[in-house]
Amino acid sequence: DPSNGFTLLGASGSGKTSSLMMMLNQFPQLIVHENETYGKFVQIVYLKVNCFPNSNLSVLLDNIGKEIDKALNNSEPIYERELMKNRSIGKKVSRICNLIEAFNIGALILDEIQLLDFDANKQASFESILALSNYTKVAIIAVGTEDAYSKMFPNLRTSRRTGICIDSDEYCENKEFFSKLLSLIWSYQWFDEEITQISQDISEAFYVSSKGIVDQMIKIYTQVQLEYLRSEDRPTVDGKFIS
């Protein structure tokens, strides 16, 4: 059902791909069904396709074939090669429709969608990917940064193809939640003397510097530890040092 798809957008490092993988790990990607009437058939529950920097639509479509091969454990890239031979976007999309129906693919996940070179693709061509949901009822999930939204969905009729839009960095505005995350990583420390209490100025410095993004918080904390250990004269760990 197309309405089962969604768009997951947020700042880099906010945990989009990590949370997505946690969800996908709860499901088998491949299920082999055996039926007395229809015999044995394969179901691919989901396909996760990564977009690469400045890649065009043709490369994205070829990568769908590549991910089908991986899901089926094909030793040879059968479907990737087949799609690469077709130079027409329309023919590639048509063949992908056939493959989605043949393997009962439930969800098509487009990760790092902002890396796709939208300028090099006609908007109508990108809409043909979104239209896969209409042709096959596959759920489309688009994952990327906020700037991808206006590129993907210049009008309402295309945005509805991926269902609701989820803000992945909404948690960044929750300072209480941020403090809990900081206290968790703070338990791993290599200071000469253990700092058991996180002062208000330290917490505020971390929040301002990381903008509440968990990936940035971890990177800053790592650098704090490295800088501390590299210094012969151990610095005072306070808000100023963090900044």
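**Helix packing, sheet and hairpin in a predicted model**

Helix α3 (residues 78-85) packs against α4 at an angle of about 155 degrees, and their axes are 9 Å apart. Axes here are lines fitted to C-alpha atoms, for helices over the stretch in contact, and angles run from 0 to 180 degrees between N-to-C directions. The model is predicted, so local features need pLDDT of at least 70 and side-chain atom pairs count only at pLDDT 80 or more, while totals for chains, interfaces and linings use all residues. Residues are numbered from 1 along each chain as its sequence is written, and side-chain values use heavy atoms, with hydrogens and water left out. Helices (H or I, at least four residues) and strands (E, at least two) are DSSP runs, numbered from the N terminus.

**Helix α3 with helix α4**

- α3 and α4 are therefore roughly antiparallel to each other (angles under 35 degrees count as roughly parallel, over 145 as roughly antiparallel, 65 to 115 as roughly perpendicular and the rest as oblique).
- Tyr-79, Glu-82, Leu-83 and Met-84 of α3 make the contact with Lys-92, Arg-95, Ile-96 and Leu-99 of α4 (contact means heavy atoms within 4.5 Å).
- Sorted by class, the contact of α3 with α4 has five nonpolar, no polar and three charged residues (Ala, Val, Leu, Ile, Met, Phe, Trp, Tyr, Cys and Pro count as nonpolar, Asp, Glu, Lys and Arg as charged, and the others, Gly among them, as polar).

**Helix α2 with helix α4**

- Helix α2 (residues 57-71) packs with helix α4 (residues 89-102) at an angle of about 25 degrees, their axes being 10 Å apart.
- α2 and α4 are therefore roughly parallel to each other, and their crossing is left-handed.
- On the α2 side the residues are Leu-57, Ser-58, Leu-61, Asp-62, Ile-64 and Ile-68, which meet Ile-89, Lys-92, Val-93, Ile-96 and Leu-99 in α4.
- The residues of this contact of α2 with α4 comprise eight nonpolar, one polar and two charged.

**The five-stranded sheet**

- An open sheet is formed by five strands in the order β4-β5-β6-β1-β7, with parallel pairing (two strands pair if DSSP finds at least two bridges between them).
- β4 (46-50) and β7 (164-167) stand at the edges with a single partner strand each, so one side of each has no neighbour in the sheet.
- On average, neighbouring strands of this sheet are turned by 15 degrees against each other, direction ignored.
- Strand β1 (residues 6-9) pairs with β7 in the parallel sense over four bridges, and Leu-9 has Asp-167 in β7 as its bridge partner.
- Helix α1 (residues 16-24) packs on the sheet and touches β1, β4, β5 and β6 (139-144); its direction makes about 160 degrees with that of β4.
- α2 lies across β4 and β5 and runs at about 135 degrees to β4.

- Ile-109 is found in strand β5 (residues 107-111) and counts as buried at 0% relative accessibility (buried means under 20% relative accessible area, exposed over 50%, partly exposed in between, with a 1.4 Å probe and protein chains only).
- Apart from neighbours within four places in sequence, Ile-109 is in contact with Leu-20, Leu-24, Tyr-46, Leu-47, Lys-48, Val-49, Ile-141 and Val-143.
- Glu-67 is in helix α2 and, at 14% relative accessibility, counts as buried.
- With neighbours within four places in sequence left aside, Glu-67 is in contact with Leu-47, Lys-48 and Val-49.

**The β2-β3 hairpin**

- Strand β2 (residues 30-35) and strand β3 (residues 39-44) run antiparallel and are joined by six bridges.
- β2 and β3 form a hairpin with three residues between them, and the bridge partner of His-33 in β3 is Phe-41.

Note on methods. Left-handed = near helix turned anticlockwise from the far one by under 90°.
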